[in-house]
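Let's take a walk through a protein model, one piece at a time.

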Amino acid sequence: MFHAIRTSNRTKRLLLLTVAAAAVTGGAVASSTANAAPVTPRAGVVTAIRAELRAGWVKTTDAPTGITADLPGKATVEKHTERVLGQEVTNRAYLVETGEGFVVFAVTEVPDAYDMRLGAELRSFVEGVEKETGTSFVSTGAEETTVEGRPALDARIATDEGERMTGSTRLIDGDRYLVQVVTVGPEANEKALEKTHREIVDSIRIP
């Protein structure tokens with residue numbers, strides 16, 4: 001869709017930054033349908049600690065929409081506006097670097113005439129990462145679910161060559177917005193990345 005961050009450097013940090021860019025910009029013109037089979041929504045991890053975030057975590061709000069997510073630190077915000085389908089649309093990505101990798105919480109406005117299909121958004125996101133990095137990425141295990149009654153899609157993502165990176169993404173159809181979370185880092189940090197990703201996606205609230 002849009003590519004707010006332009007880079008071809010294959011270092012670990014820039015690869016992850018490019019993943020963040022693709023989270024903001026992936027999928028505006030995709031039109032094919034999702035192929036994932038429906039599954040029973042998984043129960044969120046709801047504990048008393050959610051009322052008082054653990055040290056270092058920050059409740060992050062996308063001010064124009066009121067959509068929130070808990071992130072493991074103060075985010076750096078990337079913003080990009082472009083004309084799509086005759087309408088000005090804006091993308092905002094909230095990026096945090098952690099000891100295990102990077103996480104990004106992104107909100108993309110959806111043009112009024114746009115037919116959003118999450119399977120197509122996922123494919124376009126992966127294609128965007130590949131285009132920006134020159135590295136082959138794959139998505140696996142796509143599962144349809146819901147978030148507060150809204151359609152959502154979970155998937156694993158990983159490099160298919162070179163430096164081994166791994167992570168997860170969730171895309172949510174927020175009607176007028178595409179909401180996405182991406183958590184990614186070196187393959188050696190897979191378990192820690194999964195835990196961080198689960199905490200973030202369980203915290204998302206859409207007004």
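Helices here are DSSP runs of H or I with at least four residues, strands are runs of E with at least two, and both are numbered from the N terminus.

How far apart are the end C-alpha atoms of H2? They are 23 Å apart, which agrees with the 22 Å that 16 residues should span at 1.5 Å a residue. (The expected span is 1.5 Å times one less than the number of residues.) Just after H2, Gly134 takes a positive phi of about 70°.

## Where the model comes from

This is a predicted model: local features need pLDDT of at least 70, side-chain atom pairs count only at pLDDT 80 or more, and totals for chains, interfaces and linings use all residues. Residues are numbered from 1 along each chain as its sequence is written, and side-chain values use heavy atoms, with hydrogens and water left out.

## The whole chain

Zooming out, the chain has three helices and nine strands. Starting at the N terminus, they come in the order α-β-β-β-β-β-α-β-β-β-β-α. Of the 207 residues, 51% count as buried. Take the contacts (heavy atoms within 4.5 Å) with a separation of 6 or more: 58% of them are between residues 24 or more positions apart.

## A sheet of seven strands

Next up is an open sheet of seven strands, ordered E3-E4-E5-E9-E8-E7-E6 and paired in the antiparallel sense. Which strands stand at its edges? They are E3 and E6 (137-147); each has a single partner strand, so one side of each is left without a neighbour in the sheet. On average, and with direction ignored, neighbouring strands are turned by 15° against each other. For angles like this, axes are lines fitted to C-alpha atoms (for helices, over the stretch in contact), and angles run from 0 to 180 degrees between N-to-C directions.

Two strands count as paired if DSSP finds at least two bridges between them. E3 (residues 76-84) and E4 have nine antiparallel bridges; in this pair, Glu78 partners Ala93 and Lys79 partners Arg92. Their hairpin has two residues between the strands, and Leu85 there takes a positive phi near 50°. Four residues make the hairpin link from E4 to E5. Is E4 enclosed or open? Eight of the eleven residues of E4 (residues 87-97) are buried, so the rest of the structure largely encloses it.

Over at E6 and E7, nine bridges join the antiparallel strands, and Thr145 stands opposite Ala152 in E7.

## A helix on the sheet

Helix H3 (residues 190-203) packs on the sheet, touching E5, E7, E8 (165-173) and E9, and its direction makes about 160° with that of E9. H3 has 14 residues and reaches 20 Å from first C-alpha to last, close to the expected 20 Å. Its buried residues are Leu193, Thr196, His197, Glu199, Ile200, Val201, Asp202 and Ser203. Among the elements covering them are E2 (67-71), E5, E8 and E9.

## Two nonpolar cores

A nonpolar core is a set of buried Ala, Val, Leu, Ile, Met, Phe, Trp, Tyr and Cys residues joined through side-chain atoms within 4.5 Å. In the largest one, which has 20 residues, Met116, Leu118, Leu122, Phe125 and Leu178 touch the most other members. A second, separate core of 19 residues includes Tyr94, Val96, Ile204 and Ile206.

## One last close-up

Finally, look at Thr159 in strand E7 (residues 150-159). With 1% relative accessibility, Thr159 counts as buried. A polar atom of its side chain lies 2.9 Å from the backbone nitrogen of Met165.

Methods. Buried means under 20% relative accessible area, exposed over 50%, partly exposed in between (1.4 Å probe, protein chains only). A polar contact is a pair of N or O atoms within 3.5 Å; within protein, one must be able to donate a hydrogen and the other to accept it, and residues adjacent in sequence count only if both atoms are side-chain atoms.
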